[in-house]
Amino acid sequence: MISEKWRPWTLLIFALALFIPLFATGGLPKFDFWLWMTTNAIVLTAASFLIDKSYIEILKQDCRDNALFKIGIGIATAVVLYFVFAAGNYISQMLPFAKSGIHNVYGLKTGVSTTKIALLLIFIIGPGEEILWRGYFQRVFSEKYGLFLGLVIATFFYAVMHIASMNIMLLVAAGVCGGFWGLLYIRYKSVLM
């Protein structure tokens, strides 16, 4: 049995073991990227609940406390992040390597229904990633090492899992999103947001 001290690190290694091959093979036609991503989100979310028995209660409380306010802030910050990425996309068009990196990110949706991707992102992948990376990893590492270091560890590994894509734009985007959502988590202590 893994000691409580090492459980978050063990889950982190497991998450990297699932996500790194996904991003390494994500562009290959024989792999269903979206099915694999969805499966990872479900498996890792379940693992976080099994490792930390109190976590489900923390999430329930999060959903009970000011849920409409949190959803409103979440939507408002999503709009802000959208414009940050729109500006980044515009600026990155001047960088020779950036165009192909951005094209490769959007290439993951080739041959897949936009509706399917949206439903998976809204109901499984997005919530699963937030439950895992901010709600579990950042919370646990912040409790162990302090708020700042917890944010840095969770954001760093959230970005690192994208490294196998060999896509600098995806890596930077993951780092920006991880940091942005991590700061929101520090401020509001809410995965629902």
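Start with the whole chain. The protein has eight helices and zero strands. This is a predicted model. Colour from the N terminus and the elements run α-α-α-α-α-α-α-α. The radius of gyration is 17 Å, close to the 16 Å that the globule rule gives for 193 residues, so the protein is as compact as a globular protein of that length. The C-alpha trace spans about 45 × 40 × 30 Å along them.

The protein exposes about 11,000 Å². Carbon and sulfur atoms supply 74% of that area. Of the 193 residues, 40% count as buried. Next, look at how the chain meets itself. Take the contacts between residues at least 6 apart in sequence: 72% of them join residues at least 24 apart.

## Stop 1: the α1 and α2 pair

Select residues 7–25 for helix α1 and residues 33–51 for helix α2. Two packed helices are described by the angle between their axes and the distance between the axes. Here the angle is about 180°, and the axes lie 10 Å apart. Because angles over 145 degrees count as roughly antiparallel, α1 is roughly antiparallel to α2.

Show side chains at the contact. From α1, pick R7, L11, F14, A15, L18, F19, P21, L22, F23 and T25.

## Stop 2

W34 counts as buried, at 9% relative accessibility. W34 and K109 are 75 residues apart in sequence, yet their C-alpha atoms are 8.6 Å apart in space.

Move along to T45, also placed in helix α2. Is T45 buried or exposed? T45 counts as buried, with 11% relative accessibility. Leaving aside neighbours within four places in sequence, T45 is in contact with G128 and I131. Draw a distance from T45 to I124. These two are 79 residues apart along the chain, and their C-alpha atoms are separated by 9.8 Å.

## Stop 3: the loop between α7 and α8

Select M161, in the loop between α7 and α8. M161 is buried, with a relative accessible area of 0%. What does M161 touch, not counting residues up to four places away in sequence? Show L16, F19, I20, F23, E129 and W133. Now draw a line from M161 to Q61. They are 100 residues apart along the chain, and their C-alpha atoms are separated by 29 Å.

Keep the loop in view and go to N167. This residue is found between α7 (147–160) and α8 (168–188). N167 is buried as well, with a relative accessible area of 9%. Which residues does N167 touch, once those up to four places away in sequence are set aside? The partners to display are G101, N104 and V105. N167 and I56 are 111 residues apart in sequence and 35 Å apart in space, C-alpha to C-alpha.

## Stop 4

Open the backbone torsions. Most residues other than glycine have a negative phi, and most peptide bonds are trans.

Begin with N66. The residue lies in the loop between α3 (55–64) and α4 (67–92). N66 has a positive phi of about 55° although it is not a glycine. Check the surface here: N66 counts as exposed, at 55% relative accessibility.

Finish at K189, in the segment after α8. Its phi is near 50°, a positive value in a residue other than glycine. How does K189 count by relative accessibility? K189 counts as partly exposed, at 45%.

Technical notes. Residues numbered from 1 in each chain as written. Predicted model: local features only at pLDDT ≥ 70, side-chain atom pairs only at ≥ 80, totals over all residues. Heavy atoms only, no water. Axes fitted to C-alpha atoms, helices over the stretch in contact; angles between N-to-C directions. Helix = DSSP H or I, 4+ residues; strand = E, 2+ residues; numbered from the N terminus. Parallel < 35°, antiparallel > 145°, perpendicular 65-115°, else oblique. Contact = heavy atoms within 4.5 Å. Rg over C-alpha atoms; globule rule 2.2 N^0.38 Å. Buried < 20%, exposed > 50% of the residue type's maximum accessible area, 1.4 Å probe, protein only. Areas by Shrake-Rupley, 256 points an atom, 1.4 Å probe, with all protein chains shown as cover.
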